[in-house]
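Colleague: I am new to this one. Please take a close look at the charged and aromatic side-chain contacts and walk me through them.

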Amino acid sequence: MHRKLLIALLLASASVLSHATTVIQWADSGAYSSQGDHSPSNTNYIAGFCPDCGNKNFRNFFVFDTSSIVGQVTSAILRLRAGNIPGNGTYTLFDVTTPVTALRAGGSGLTDIYADLGSGTRYGSTALTSVQTSGLVDITLNADAIAAINARPGLFAL
């Protein structure tokens, strides 16, 4: 069976949207500062420059458990709630080569993880504007992301 996958992060319920759509809630989310700092208890997925956070840059991550998916995923969308976008920009998703356990564990000075979150194989992107503040943003994941989801049942990070 081929399935569509909607990776929904902030939706309150995991409901079937159509006969062939599966909604998966995140298992974890968070952000690393450019200094390589992340607290595992903070699941805020801030991204970009934050003048109110000590003038730091942030890169975020999301972890999903895909082990319950039956069949091959044929398409996927990451749905995020945008908030407080100060201007225009592009939000890009990349693969994560850092082991998921290390990504989720956090710590200080982990600049290699911060670098990993902003480089590698591009999984999708979208243009963002300040008018999208507090709205839902859908990002279509590309063929590389779909292949990675299908290749690794279990924990998947982007």
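Modeller: D138 has a relative accessible area of 36%, so it counts as partly exposed. This is a predicted model. D138 forms a salt bridge with R79. Their closest N and O atoms are 2.6 Å apart. The pair joins distant parts of the chain. D138 sits in strand β9, residues 136-141. R79 belongs to strand β6, residues 72-81.

D28 forms one with R104, and here the closest N and O atoms are 3.1 Å apart. Is D28 buried or exposed? Its relative accessibility is 8%, so D28 counts as buried. R104 reaches 28%, so R104 counts as partly exposed.

Now the rings. A pair of aromatic rings is described by the distance of the centres and the angle of the planes. The structure holds three aromatic pairs. One of them is Y32 with F61, a tilted pair. Their centres lie 6.0 Å apart, with 45° between the planes. Y32 lies in strand β3, and F61 in strand β5, residues 56-65. They are 29 residues apart, so to speak in distant parts of the chain. Both Y32 and F61 are buried.

R59 lies over the face of Y114, at 4.2 Å from the ring centre.

How values were computed:
Residues are numbered from 1 along each chain as its sequence is written. This is a predicted model: local features need pLDDT of at least 70, side-chain atom pairs count only at pLDDT 80 or more; totals for chains, interfaces and linings use all residues. Side-chain values use heavy atoms; hydrogens and water are left out. A salt bridge is a side-chain nitrogen of Lys or Arg within 4 Å of a carboxyl oxygen of Asp or Glu. Buried means under 20% relative accessible area, exposed over 50%, partly exposed in between (1.4 Å probe, protein chains only). Helices (H or I, at least four residues) and strands (E, at least two) are DSSP runs, numbered from the N terminus. Rings of Phe, Tyr and Trp (its six-membered ring) pair if their centres lie within 6.5 Å; planes under 30 degrees apart count as stacked, over 60 as edge-to-face and the rest as tilted. A charge sits over a ring if NZ of Lys or CZ of Arg is within 6 Å of the ring centre and within 35 degrees of the ring normal.
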